[in-house]
Number of protein chains: 2
Amino acid sequence: MNQQQLIAQIHQKKNYLCVGLDTDLQKIPKHLQHQSNGLVAFNKAIIDATKDYCVSYKINTAFYESLGVKGWEIMEETLAYIPETHFTIADAKRGDIGNTAAQYAKTFFETLPFDAVTVAPYMGEDSVRPFLEYDNKTAIVLALTSNKGAADFQQLTFNSPEVTSSIAVPLYQKVLEKVASWGNEQNLMFVVGATRASDLDTIRTIVPNHFLLVPGVGTQGGSLADVSKYGLIHPNGGLLVNVSRAVIYAGDGEDFAEVAAKAAKAYHTEMNGYLV
Amino acid sequence: MNQQQLIAQIHQKKNYLCVGLDTDLQKIPKHLQHQSNGLVAFNKAIIDATKDYCVSYKINTAFYESLGVKGWEIMEETLAYIPETHFTIADAKRGDIGNTAAQYAKTFFETLPFDAVTVAPYMGEDSVRPFLEYDNKTAIVLALTSNKGAADFQQLTFNSPEVTSSIAVPLYQKVLEKVASWGNEQNLMFVVGATRASDLDTIRTIVPNHFLLVPGVGTQGGSLADVSKYGLIHPNGGLLVNVSRAVIYAGDGEDFAEVAAKAAKAYHTEMNGYLV
């Protein structure tokens, strides 16, 4: 699915919710922990229950890789189960030199046919470019993340040659500027953490038209109202808000899927209001 | 294997060579490309041929992930084949928020029992810390990489609060300083690209005692003499120089392993001279 098709889905479903499948064997309901292929059963039930209330699913590769070969099988099976009407994201945060980055692009665009993959910017242009060379695929590059550690490097301020020394620019804004020049609004999105929604105003002056993937709403404490206020653009939305734990672990009983559906529906309803 | 045991191996084998297993089905000898499990056969032959001339093997996860489930099986089988006398590195460059980073640490320290894993610093302390919490394991954090894209962000200069505005510090030096404060010389190493050996002098003033993993010698053009001159420390060496393509693809015929052994031996001999 490309971004035009995603926009059509946002208009049709009237939300911009991405459900994050950070599926952890220790956290799924007890009756599934002991079932063979319980993780797949959990993911399928969550997808069935939430698909009417979201436009995208994000698979956090770490939770699957930690299970080794079996985890990759579960990731394959889960990806294959996601309806074609939903934008699929591998949250893999890969980044390496050009020839290696090309292998990662192959991994998440071909071997596992995701629509998009998250990419780390630290190694620069040749580490991002291979992800931009696929038609109808999207690289989602980390700019400002939702965790405490974002302050360590992303928010350090620069004096760069093109600005006067009195204007200090944080690293994540340099990342937005520079990475935006490598691609276009069709093959690039950016990760912007929701816990810093006040920064979204500034971010929209740098990338007024790019889609933003916003994690951090829900368990991490970001406000959907703030994110929507500063991040939404018309007419395409330009925003995907990811919620993982607050949807998929909303319930922990036999009715977990029903409870997850209610949680997703609540986000959907709130988003519907902001989209009007 | 911990770093003390690695140092003992460096003293015993008289080299600090890491052989990078960036194994690509398109690049291994033709007779193995058509053999079932040809990649494993290739890796095993390379390990048998080079183990006397190196102290470490680095598996570049991208080349295996791009094959999906099968690739993870090959990675498992290759890792299990590496002798216990060699320091094993997962070149995975992972980095994510704390609870996700913990899953990646589990992946590469438990599920696949590597001795070390490469980690990206962009997301800050909580993305690195889970890797530092294992006994006898090492996080190897990216500082200055060997690719062209290193200039995009790693070499941007900062004015940080603790220095006067007349002293501009590049990002990678801030990364070295800050990350070094999160761990110690037993659980941390840094990646420093060999194509910028002249920077090693400065780097050694910031991290005088940490091991450095230096890629970029060989195909990428870095000089082993320069790297050794500026990077080696006594008495533990403090240096691992990685060579991937220039060793494993030195030959492409039926005698590829023999040719790879010769290439590795040449590095070993040169290193032996620098260690004296």
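**Figure 1. The barrel of chain A.** In this predicted model, eight strands of chain A close into a barrel in the order β1-β2-β3-β4-β5-β8-β9-β10, with parallel pairing. Strands here are DSSP runs of E with at least two residues, helices are runs of H or I with at least four, and both are numbered from the N terminus. Two strands pair if DSSP finds at least two bridges between them. On average, neighbouring strands of this sheet are turned by 30 degrees against each other, direction ignored. Where do β1(A) and β10(A) come in? Residues 17–21 (β1) and 239–243 (β10) of chain A pair in the parallel sense over 3 bridges. One bridge to look for joins Val19(A) to its partner Val243(A) in β10(A).

A word on reading the labels: residues count from 1 along each chain as its sequence is written, while chains are lettered from A and ligands numbered from 1 in the order in which they are written. Since the model is predicted, local features need pLDDT of at least 70 and side-chain atom pairs count only at pLDDT 80 or more, while totals for chains, interfaces and linings use all residues.

**Figure 2. A helix across two strands, and the chain as a whole.** Helix α8(A) lies across β5 (138–144) and β8 (188–192) of chain A, and runs at about 155 degrees to β5(A). Such angles go from 0 to 180 degrees between N-to-C directions, with axes being lines fitted to C-alpha atoms, for helices over the stretch in contact. Stepping back, chain A has 12 helices and 10 strands. Its C-alpha atoms fill a box of roughly 60 × 45 × 35 Å along the principal axes.

**Figure 3. Where chain A meets chain B.** Here 52 residues of chain A are in contact with 52 residues of chain B, contact meaning that C-beta atoms, placed from the backbone, lie within 7 Å. Which elements of chain A give two or more residues to this side? They are α4 (61–65), α5 (69–81), α6 (98–111), α7 (125–132), β6 (157–158) and α8 (171–182). The largest share, 7 residues, comes from α6(A). By class, this side of chain A has 21 nonpolar, 19 polar and 12 charged residues. Ala, Val, Leu, Ile, Met, Phe, Trp, Tyr, Cys and Pro count as nonpolar, Asp, Glu, Lys and Arg as charged, and the others, Gly among them, as polar.

**Figure 4. The axis between the copies.**

**Figure 5. A covered helix in chain B.** Of the 8 residues in α7(B) (125–132), 7 are buried: 20 or more other C-beta atoms lie within 10 Å of a buried residue's own, against 12 or fewer for an exposed one, with partly exposed in between and C-beta atoms placed from the backbone. The buried ones include Val128(B), Pro130(B), Phe131(B) and Leu132(B). What do they pack against? The buried residues of α7(B) pack against α6, β4, β5, α8 and β8 of chain B.

Figure 6. Most residues other than glycine have a negative phi, and most peptide bonds are trans. The peptide bond from His234(A) to Pro235(A) is cis, with omega near 5 degrees, and Pro235(A) lies in the loop between α10 and β10 of chain A. In chain B, the bond from His234(B) to Pro235(B) is cis too, with omega near 5 degrees. Asn37(A) has a positive phi of about 60 degrees although it is not a glycine; look for Asn37(A) in the loop between α2 and α3.
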